[in-house]
Amino acid sequence: MSYVIARPINGITINGREYILDDANRVRKFKNVKAARDFLRDNGIRKPEKEGIEILLDDDAAEELSAAPEAG
């Protein structure tokens, strides 16, 4: 099981979510919630929930990204 960090695009929930990406531009995965929170804290975000940031099970990200329309 892995986790991802996401927030609504432009802060508007009907726009879908944007995700933290790794160096290969894939959704960055964390082994647990603590690792995701540590990443956020190390990058200056102490209270992610107050900024609309969520830590989600990776399954949620995969489903949402596969349902997104292709650009172009």
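Which residues form the largest nonpolar core?

## Basis of the model

This is a predicted model, in which local features need pLDDT of at least 70, side-chain atom pairs count only at pLDDT 80 or more, and totals for chains, interfaces and linings use all residues. Residues are numbered from 1 along each chain as its sequence is written, and side-chain values use heavy atoms, with hydrogens and water left out.

## Overall fold

The protein chain contains two helices and three strands, arranged β-β-α-β-α from the N terminus on. Helices (H or I, at least four residues) and strands (E, at least two) are DSSP runs, numbered from the N terminus.

The protein chain has 72 residues, of which 26% count as buried. Buried means under 20% relative accessible area, exposed over 50%, and partly exposed in between (1.4 Å probe, protein chains only).

## Nonpolar cores

The largest nonpolar core consists of Ile5, Phe30, Ala36, Phe39, Leu40, Ile45 and Ile53, seven residues in total. Helix α1 (residues 33–42) supplies the largest share of this core, with three residues. Apart from this core lies another of five residues, including Val4, Ala6, Tyr19 and Val27. A nonpolar core is a set of buried Ala, Val, Leu, Ile, Met, Phe, Trp, Tyr and Cys residues joined through side-chain atoms within 4.5 Å.

Leaving aside neighbours within four places in sequence, Leu40 is in contact (heavy atoms within 4.5 Å) with Ile5, Ile45, Pro48, Ile53 and Ile55.
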